[in-house]
Amino acid sequence: MAILAIIVVVLIILIIGLLAYNITIHRKIQAFNNLNQKIVNLNVLQDFMTTIGEVSSVDDKIKKINEILIDKYEIKYSTIVVFDGAEYKVKASNVDEKHWETLKRLQEVEIFKDSISTATPKYVTVNDEKERLPYQQMEFGRAKSAIFFPLYIDNVYIGYWIIESGIPHDFDNIDTTIFEVIRENIVTILKTVTHQRTLEAIVRKDLFTGLNSAEYLYGEGKKLIDRHTMSTLCMFRITNLEEINQKFSRELGNRVVTKVAQFIQNNISKDYIFVRYMGPKFVIAFPGIDIEDVARFLNELKTQVEDLTIKLNDNDGLEYEDLEERENTSKKKSKSKKKLLMEAKPKLNFVISTYYKGTGIEELLKRLEQYIDNASKDESEINNI
């Protein structure tokens with residue numbers, strides 16, 4: 001009996017030891033899983049940040065982010081819907097487009113209204129394969145469970161993110177903490193690209209030259225420039241434009257702006273980016289081109305442009321008495337209605353600098369502008385700063 005008792009005690013000790021060992025192993029596995037999940041989350045966040053830098057337009061950024069979520073977290077369906085100030089738009093989704101009309105009206109579904117008002121996720125599922133989710137109208141087989149996440153920027157509701165599965169109760173035991181983190185990352189990205197969205201919306205074509213406005217450089221233009229590690233930016237000014245406007249007419253000044261822009265656009269590669277920056281100032285971006293090569297090219301281009309003689313057509317000319325009034329001279333001239341053919345030669349001042357991928361293009365342009373604005377009007381050369 002004593003031996004049996006000893007054996008029982010030993011077995012109990014072994015069982016307790018094994019239980020303790022299993023608990024320890026379980027905790028280590030749990031800690032490893034948590035660590036692994038943190039690593040995944042960090043990798044996803046890194047992918048998000050990379051997307052912000054590499055992908056150009058706001059819509060492309062959001063689509064890329066959605067693709068990352070689907071891939072990294074093995075989500076069956078993922079859709080991001082954003083209110084643009086006028087209407088709800090599906091910004092990214094791997095769901096067939098025929099369902100988008102339903103997906104962009106989920107804020108109208110009663111079951112999600114409370115989720116939006118309380119800023120909390122809403123989980124919905126079906127118990128039977130023949131049932132539909134509350135927001136579904138015509139579809140049966142695609143989604144059987146879903147989690148709805150309202151999105152907020154600074155406590156302002158801006159849309160929602162919804163993930164779906166084709167399996168009933170597929171999200172029953174899922175740790176929603178992970179998806180809360182993802183939701184916050186999505187909001188961070190949307191907040192980050194808000195300024196870019198504004199810039200994209202205000203890009204306009206210049207009335208006289210047909211060139212894009214300066215804002216183009218900060219969106220689509222930057223995407224093209226940042227394909228290269230190093231590029232050259234050039235800003236030039238028509239230095240005698242104000243003189244032409246005052247001495248002759250604004251009509252001739254406008255003609256000078258138009259002709260100079262047309263000539264340069266016709267004589268540079270389509271790979272270069274040419275925009276009207278402001279007033280008499282223009283910018284040419286040379287993606288991937290060395291600054292010394294650009295300087296040589298611009299010297300030739302400058303000579304060609306300054307050789308141009310730009311005229312107003314006979315019918316556009318000023319009458320003699322109008323010209324006399326503008327020049328404020330006392331000398332009497334004929335009151336003839338004959339038109340005066342006016343002409344001018346443009347004078348240009350160039351400044352160039354090297355742009356490095358990933359740095360602030362707006363700061364570099366500001367520096368170029370400060371230089372060219374403070375330069376003497378008599379300065380007419382290629383300056384490298």
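**Helix H10 and its surroundings**

Tutor: Let us begin with helix H10 (residues 291-306), which has 16 residues and reaches 22 Å from its first C-alpha to its last, close to the 22 Å expected at 1.5 Å a residue. The expected span of a helix is 1.5 Å times one less than its number of residues. The model is predicted: local features need pLDDT of at least 70, side-chain atom pairs count only at pLDDT 80 or more, and totals for chains, interfaces and linings use all residues. Residues are numbered from 1 along each chain as its sequence is written, and side-chain values use heavy atoms, with hydrogens and water left out.

Student: What makes a stretch of residues a helix or a strand?

Tutor: Both are DSSP runs, numbered from the N terminus: helices are H or I with at least four residues, and strands are E with at least two. By that rule the protein has 12 helices and 15 strands.

Student: Which residues of H10 are buried, and how do you know that they line one face?

Tutor: Buried means under 20% relative accessible area, exposed over 50%, and partly exposed in between (1.4 Å probe, protein chains only). In H10 the buried residues are Ile-291, Val-294, Ala-295, Leu-298, Leu-301, Lys-302 and Val-305. Seen down the axis of H10, they fall within an arc of 135°, so they line one face of the helix; the arc is that of the directions from the helix axis to the C-beta atoms. An α-helix has 3.6 residues a turn, so residues three or four places apart point the same way. The face of H10 turned away from the buried side carries the exposed residues Glu-292 and Glu-300.

Student: What covers the buried residues of H10?

Tutor: The cover includes strand S7 (230-238), helix H9 (250-266), strand S9 (281-286), strand S14 (348-356) and strand S15 (382-384). Contact here means heavy atoms within 4.5 Å. H10 lies across S7, S9, S14 and S15, running at about 160° to S14. For such angles, axes are lines fitted to C-alpha atoms, for helices over the stretch in contact, and angles run from 0 to 180 degrees between N-to-C directions.

Student: Which residue caps the N-terminal end of H10?

Tutor: Asp-290 does so, with a side-chain oxygen 2.9 Å from the backbone nitrogen of Glu-292.

Student: What is the order of the strands in the open sheet of 6 strands?

Tutor: The order is S6-S8-S9-S7-S14-S15, with mixed pairing. Two strands pair if DSSP finds at least two bridges between them. Strand S6 (residues 212-213) and S8 have 2 bridges and pair in the parallel sense, S8 and S9 pair in the antiparallel sense over 5 bridges, and 3 bridges join S14 to S15, which run parallel.

Student: Why are S6 and S15 called edge strands?

Tutor: Each of S6 and S15 pairs on one side only.

Student: Why is strand S8 described as largely enclosed?

Tutor: In S8 (residues 273-278), 5 of the 6 residues are buried, so the strand is largely enclosed by the rest of the structure. S8 and S9 also form a hairpin with 2 residues between them, and Gly-279 in the turn has a positive phi of about 55°.

**Single residues**

Student: Why is Asp-226 called buried?

Tutor: The relative accessibility of Asp-226 is 10%, so Asp-226 counts as buried. Asp-226 is placed in the loop between helix H7 (220-225) and S7.

Student: What makes the pair Asp-226 and Lys-222 a polar contact?

Tutor: A polar contact is a pair of N or O atoms within 3.5 Å; within protein, one must be able to donate a hydrogen and the other to accept it, and residues adjacent in sequence count only if both atoms are side-chain atoms. The side chains of Asp-226 and Lys-222 make such a contact at 2.6 Å.

Student: Is Asn-155 buried or exposed?

Tutor: Asn-155 has a relative accessible area of 75%, so Asn-155 is exposed. Its phi is near 65°, a positive value in a residue other than glycine.

Student: How is His-169 classed?

Tutor: At 33% relative accessibility, His-169 counts as partly exposed. The phi of His-169 is near 60°, also positive in a residue other than glycine.
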